[in-house]
Amino acid sequence: MKKIPAILLAAALSQTAWAADITVEQPWARATVEGMTMGGAFMNITNNTGKNDFLIGGSSAVADKVEVHTHVNDNGVMRMREVAGGIPLKAGQTTELKPGSYHIMFMGLKKQLKLGDKVEVTLKFKRAKPQTVTMEVQNVPKTNGNADSHGMKHTH
Ligand SMILES: [Cu+2]
């Protein structure tokens with residue numbers, strides 16, 4: 001788990017004003033090319049509810065289904081699969097959804113996700129109330145070394 005720079009943390013806190021028990025920061029969806037039927041989305045989720053929770057799925061107007069996925073190393077080949085039971089969100093911790101790791105997967109995309117588009121996604125948790133977040137469509141962040149290899153594996 002990476003430390004969040006103080007300035008980002010301060011910005012996030014002022015935005016949410018302590019209203020939500022589960023805070024979602026820096027949500028973004030990966031830009032797709034025309035014809036792609038799947039797409040990934042990423043964010044940091046902080047669980048301040050005091051109880052362990054799980055991100056179990058979601059919904060969005062842009063896709064038939066929104067699944068929670070992870071990557072597993074299968075004899076040296078990174079494969080992704082749906083996370084049974086959801087992505088664990090430990091109490092008091094920030095869980096990173098990022099390329100090459102846990103992520104949100106749009107299945108059956110109804111439109112191309114273009115740079116700068118905004119995508120609304122409602123996240124569903126096992127305990128906490130559903131939460132709708134707006135994701136900006138971006139390219140792969142240059143700072144993340146795993147990102148490019150992740151993108152390649154969406155075709156298998
Ligand atoms: Cu996936």
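Reader: How many Å² does the accessible surface of the chain come to, and what share belongs to carbon and sulfur atoms?
Author: This is a predicted model, in which local features need pLDDT of at least 70, side-chain atom pairs count only at pLDDT 80 or more, and totals for chains, interfaces and linings use all residues. Residues are numbered from 1 along each chain as its sequence is written, and side-chain values use heavy atoms, with hydrogens and water left out. Accessible areas come from the Shrake-Rupley method with a 1.4 Å probe, and for residues only the protein chains shown count as cover. The surface of the chain comes to about 9,000 Å², and the share of carbon and sulfur atoms is 52%.

Reader: What pattern does the chain follow along the sequence?
Author: Helices (H or I, at least four residues) and strands (E, at least two) are DSSP runs, numbered from the N terminus. The chain has 2 helices and 10 strands. Read along the sequence, the pattern is α-β-β-β-β-β-β-β-β-β-β-α.

Reader: Which residues are the protein donors of the copper ion?
Author: Donors are N, O and S atoms within 2.8 Å of the metal (3.2 Å for Na, K and Ca); water is not among the atoms, so sites may look incomplete. The spacing of the donor residues in sequence is H-x10-M-x22-H-x1-M. At 2.0 to 2.2 Å from the copper ion, the donors are His69 (ND1), Met80 (SD), His103 (NE2) and Met105 (SD).

Reader: What is the arrangement of the 4 donor atoms around the copper ion?
Author: Four donors count as tetrahedral if all angles lie between 85 and 135 degrees. Because the 4 donor atoms subtend angles of 99 to 116° around the copper ion, the arrangement is tetrahedral.

Reader: Are methionine 80 and histidine 103 buried or exposed?
Author: Methionine 80 is in strand β5 (residues 77-82) and histidine 103 in strand β8 (residues 103-109), so the pair ties together parts 23 residues apart in sequence. Buried means under 20% relative accessible area, exposed over 50%, and partly exposed in between (1.4 Å probe, protein chains only). Both methionine 80 and histidine 103 are buried.

Reader: How many Å apart are phenylalanine 106 and alanine 41, C-alpha to C-alpha?
Author: Phenylalanine 106 lies in strand β8 and counts as buried, at 0% relative accessibility. Alanine 41 is 65 residues from phenylalanine 106 in sequence, and the C-alpha to C-alpha distance is 7.8 Å.

Reader: What is the relative accessible area of asparagine 75?
Author: Asparagine 75 is found in the loop between β4 and β5. Phi of asparagine 75 is positive, about 50°, although this residue is not a glycine. Asparagine 75 is exposed, and its relative accessible area is 77%.

Key:
Four donors count as tetrahedral if all angles lie between 85 and 135 degrees; four count as square planar and six as octahedral if opposite donors are over 155 degrees apart and all others between 65 and 115; anything else is irregular.
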